[in-house]
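Subject: Structure for you to look at

Hello,

Please take over the structure below. My notes on what was found follow it.

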Amino acid sequence: MLRKIPVMVCAVCGVFMAAQYFIVSGPVSQLYGTVLDWMQIIFVCALLVGILHVITRQIKNISRPGPERWYAMIALFGIALMVVLGFGWGISRGSPFLWVFDHVQAPMQTTVFSLLAFYVASAAYRGFRARHAESAVLVLAALIVLLGRVPVGEIISPYVPQTVSWVLNVPAVAAKRAILIGIGLGMTATAIKVIAGMERTYLGSGGR
Amino acid sequence: MKLDRRIIFMIVALAVVVPLLFPLGLPVAVTDETRAVYERLERLEQGSVVMLSFDHEASSLPEVRPLAEAILNHCFRRNIRVVGLALFAEGAAVGYDILHDLAARHDKQYGHDYAYLGYRPQYTAAILGMGESIREVFPTDYDDTPYDDIPLLREIRNYGDIGLVVSVADGSLPTYWVEYAQARYGQEIIAALTAVMVTAYAPYVDAGQISGVLGGLKGAAEYEILLGRHAAGKRGMDAQSLAHLSIAVMIVIGNVVAFGLRRKNETTEAGGHSS
């Protein structure tokens, strides 16, 4: 019974969401609106579960000896600080919450993200080796795209950006389109299996 | 050829920092893709509404901020009204700042010329919900002012009152705008993306599901040229150009040296066998 109820709920919701797309009527639209509200409510509940998990995990890390306890303390302090600032002074312009976001969180995240440039450069130097004909084509395409996406490519030759445009709009799009069609078919098949109750892995171990 | 990683890091750092301190002023050619986005906004009537969605994390701010600023400059210059929102939590604070900053530069009045709805979780439900009623999804704006107390928002019921949606994104969010706002409600979409994401959206542009793509710092720089102003996009292009060039040179040198070593090894092995 524990397994049948969620499967039935899923089947009814799945059939309704597919059917409502083709039905234009007041009650159906109203029910559809309610389903959308519930999607947001469930998402927020999942978000709360995630926050609680992070907090309990960090508390556990504090209780363990080792350098991780200091990181855990900073993480917990950060969570508590943002909650206090947000609820205490609001999140409008000029609020301490927004100040911390603009001057601490955003610069930290952009700094970490920008480190990628260094690692990408290092990986490109080591990885892009023309060992045989296929890898030579890859290296050549990478070099052309690398240069053609910036003004330097135009300075080298007007053909460089034109070639980049062709590479991105013809072979790359063809490959991407094939992947997208594959994903679409896979998603449709999975959705039908979920609605029919054949696919139950979303239930976790209880689904087996 | 083994090269200490720190040397590569140093070369990249110099390639980025030097042009930022001493701009080179490399010429930026405007591509057809950027011109298409610009011309689409030019075709919007004055007073029409553009919905600008900040669908990104704070980490991509240096790349997405110039894109958002270029679009907003164009909208405000043409007296197009803007409704901002965010479908990523971090985008909410970023969008709030950018929208207010740009509106202040153009002397625009909150509630009449622009409004900011803030963040809603679960983007699928939010995008679908706005197709029925934006008021239902956002009963208040970011500052908790009721939806109906804002004159601009009172005029807007759903996508039918929105001329264009611009998703400023660093990931897959524009896909959801296409699947749920464009496919279901016929809403026209433009994507302003980080450079790495541009190729992923080319099939949607080809199919006409996305009306245009503005890509990366280069897209922002090109848009600034079309607007006749120089800002962060143009400044960043010099640094990006030299960084790309330095990486390309390193790849070429690495391959030339590796090829030379391989030839040398082959010659040595051939000599060994013959003796």
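Two parts are in contact when they have heavy atoms within 4.5 Å. This is a predicted model, in which local features need pLDDT of at least 70 and side-chain atom pairs count only at pLDDT 80 or more, while totals for chains, interfaces and linings use all residues. Residues are numbered from 1 along each chain as its sequence is written, chains are lettered from A and ligands numbered from 1 in the order in which they are written, and side-chain values use heavy atoms, with hydrogens and water left out.

Domains within chain A

Chain A is divided into domain 1 (1-89), domain 2 (128-165) and domain 3 (170-208), with bounds that come from an automatic or database domain assignment.

Chain B against chain A

Here 64 residues of chain B are in contact with 48 residues of chain A. The two chains bury about 5100 Å² between them, 66% of it on carbon and sulfur atoms.

There are 3 salt bridges between chain B and chain A. D101(B) forms a salt bridge with R93(A), where the closest N and O atoms are 3.0 Å apart. Several elements of chain B give two or more residues to the side that touches chain A, including helix 1 (5-21), helix 4 (89-105) and helix 11 (232-274); helices here are DSSP runs (H or I, at least four residues), numbered from the N terminus. Which helix of chain B gives the most to that side? Helix 11 of chain B does, with 14 residues.

By class, the side of chain B that touches chain A has 38 nonpolar, 13 polar and 13 charged residues. Ala, Val, Leu, Ile, Met, Phe, Trp, Tyr, Cys and Pro count as nonpolar, Asp, Glu, Lys and Arg as charged, and the others, Gly among them, as polar.

Regards

Notes. Buried area = accessible area lost by both parts, 1.4 Å probe. Salt bridge = Lys/Arg side-chain N within 4 Å of Asp/Glu carboxyl O.
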